[in-house]
Amino acid sequence: VGKKVQAIYLWWHKPVIDKELLQSMPNLKVIANSGVGMDHLDLKLVASFGVKMANAPRAVSTATADTGMALLLASARRLVEVHNISISSSMEYCEADILGVKVAGATLGIIGMGSIGYKIALRAKAFEMNILYHNRTQRKVQEEKAVGATYCKTIDSLLQQADFVMLVVSLTPQTYKLIGKRELELMKPTATLINISRGAVVDQEALVAALQTGVIRAAALDVTSPEPLPRDHPLLKLKNIIITPHLGIKTDKATYMITEEAVENILAALNGLPLPSEVLPS
C-alpha cells in the first residue's frame with residue numbers, strides 16, 4: 001500500500017521514519033508529529049524526499065507545564081517518599097526525616113523560555129516564586145513583567161542562583177548533555193534539577209554522582225535516556241529522585257488536541273495550503 005500513503009501521523013516515534021520507508025512511499029506529502037520534539041526525525045532526510053513536517057506545539061504546552069510544576073512540588077515535599085511511608089505496614093518514621101523544602105519565596109531557574117517555559121513561569125508566579133530564565137533570545141519586557149521573570153545572559157549565572165532548575169529545551173547538538181558535571185557543581189547543594197525536555201540534555205552519569213555525593217539535593221525527571229531506563233540503572237536505586245515515564249502530554253484532553261492539530265496540518269498539506277505548525281530542517 002506504499003503508493004497510496006500520502007500522510008503519516010507519528011505517535012510516540014512510531015513508525016520509524018528511515019530512508020527505506022520514505023522510498024516505499026513515493027506519494028507521501030506530510031509527516032505530522034504528536035508532540036513538539038522532533039529529535040527522533042532526520043529532518044534533512046525527510047525534506048530531501050519533498051515531504052513536509054509538522055509538530056503540535058499548541059496542544060502540548062499546557063499539559064507539559066503542569067507536569068513540570070507537579071514534579072517540582074512532588075520533589076520539594078518528597079511526596080513519593082511519604083506516600084511509601086504512609087502505605088507501609090509499620091508506618092514508622094521520624095518527622096525530621098521527611099522535611100521538605102519551601103516553594104514560596106524560592107528561586108526557579110527556567111532554561112528554555114518558549115511557550116512551555118513561559119507557562120511554567122505563570123504557574124510559578126502563582127506559587128510566589130522568584131523566576132530567572134535563560135533563553136537564546138530575551139523575552140519582551142512586558143512578557144517578563146507579566147510573570148516577574150528576570151533574564152540571565154548565561155546558564156552559569158542561573159545555575160548559581162536557582163533553588164530549582166527546570167529544563168525546557170529542545171534536544172539539539174547544542175543542548176546534548178547541556179547539564180554535566182561542571183554545571184551540576186555550579187548549582188547549590190540544596191538545589192533540585194527538574195527535566196521535562198529530553199533525557200540526553202543531562203549527562204546521566206554525572207547526575208548519578210551528584211545525587212549520590214550531595215552536590216545537589218534532588219532531581220525529578222520526566223525524561224531519561226533511554227526510555228525506559230534499564231532496570232539495573234543506578235538512578236533507579238536513589239531515594240532523592242523522582243522518575244516518571246514521559247508523562248508530559250499524557251492527559252485525555254491533550255491527546256485529543258494533539259490529534260486535532262496533527263489532522264489540521266495533514267489536511268493543509270494535502271490541500272496545498274501552508275501548514276500551521278510546519279517544521280523546517282535547520
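**Figure 1. The seven-stranded sheet.** In this predicted model, seven strands line up as an open sheet, and if you walk across it you meet them in the order β6-β5-β4-β7-β8-β9-β10. The pairing is parallel. At the edges you'll find β6 (149-151) and β10 (241-243), and each has a single partner strand, so one side of each is left without a neighbour in the sheet. From one strand to the next, the twist averages 15°.

**Figure 2. Zooming in on β9 and β10.** Here's one edge of that sheet: β10 stands there with its single partner strand. Strand β9 covers residues 218-221, and three bridges join this strand to β10. The two run parallel. To spot the pairing by eye, look for Ala220, which stands opposite Ile242 in β10.

**Figure 3. Helix α3 on the sheet.** Which strands does helix α3 touch? This helix, residues 57-76, packs on the sheet and touches β4 (107-111), β7 (164-167), β8 (192-195), β9 and β10. Compare its direction with that of β7 and you get an angle of about 150°.

**Figure 4. α3 meets α10.** Two packed helices are described by the angle between their axes and the distance between the axes. For α3 and helix α10 (residues 252-270), the angle is about 165° and the axes are 8 Å apart. An angle over 145 degrees counts as roughly antiparallel, and α3 and α10 are therefore roughly antiparallel to each other. The crossing of α3 past α10 is left-handed. On the α3 side, look for Pro57, Arg58, Ala59, Val60 and Ala63; they meet Ala254, Met257, Ile258, Glu261 and Glu264 in α10. Sort the residues of this contact by type and you get seven nonpolar, three charged and no polar ones.

**Figure 5. α3 meets α5.** How far apart are the axes of α3 and helix α5? They lie 8 Å apart, and the two helices pack at an angle of about 50°. That makes α3 oblique to α5. This time α3 passes its partner α5 in a right-handed crossing. Helix α5 spans residues 115-126, and its contact residues are Ser115, Ile116, Lys119, Ile120, Arg123 and Ala124. Facing them from α3 are Val60, Ser61, Thr62, Thr64, Ala65, Asp66 and Met69. The residues of this contact split into six nonpolar, four polar and three charged. Keep an eye on Val60 of α3: this residue is listed in the contact with α5 and also in the one with α10.

**Figure 6. The three-stranded sheet.** Now for another open sheet, with three strands in the order β1-β2-β3 and parallel pairing. Its edges are β1 (7-10) and β3 (52-54); each has a single partner strand, so one side of each is left without a neighbour in the sheet. The twist averages 15° from one strand to the next. Strand β2 (residues 30-33) pairs with β3 over three bridges, and Ala32 stands opposite Ala54 in β3.

**Figure 7. Two annotated spans.** UniProt, in an unreviewed entry, lists residues 69-248 as "domain: D-isomer specific 2-hydroxyacid dehydrogenase NAD-binding". The end C-alpha atoms of that span lie 11 Å apart, and the span is 33% helix and 16% strand. The feature "domain: D-isomer specific 2-hydroxyacid dehydrogenase catalytic" is placed by UniProt (unreviewed entry) at residues 10-279. For residues 10-279, the end C-alpha atoms are 14 Å apart, with 37% helix and 13% strand.

Notes
Residues are numbered from 1 along each chain as its sequence is written. This is a predicted model: local features need pLDDT of at least 70, side-chain atom pairs count only at pLDDT 80 or more; totals for chains, interfaces and linings use all residues. Side-chain values use heavy atoms; hydrogens and water are left out. Two strands pair if DSSP finds at least two bridges between them. Helices (H or I, at least four residues) and strands (E, at least two) are DSSP runs, numbered from the N terminus. Axes are lines fitted to C-alpha atoms, for helices over the stretch in contact, and angles run from 0 to 180 degrees between N-to-C directions. Contact means heavy atoms within 4.5 Å. Angles under 35 degrees count as roughly parallel, over 145 as roughly antiparallel, 65 to 115 as roughly perpendicular and the rest as oblique. A crossing is left-handed if the near helix is turned anticlockwise from the far one by less than a right angle, and right-handed if clockwise. Ala, Val, Leu, Ile, Met, Phe, Trp, Tyr, Cys and Pro count as nonpolar, Asp, Glu, Lys and Arg as charged, and the others, Gly among them, as polar. UniProt positions are given in the numbering used here, feature names are shortened, and annotations may be inferred rather than shown by experiment.
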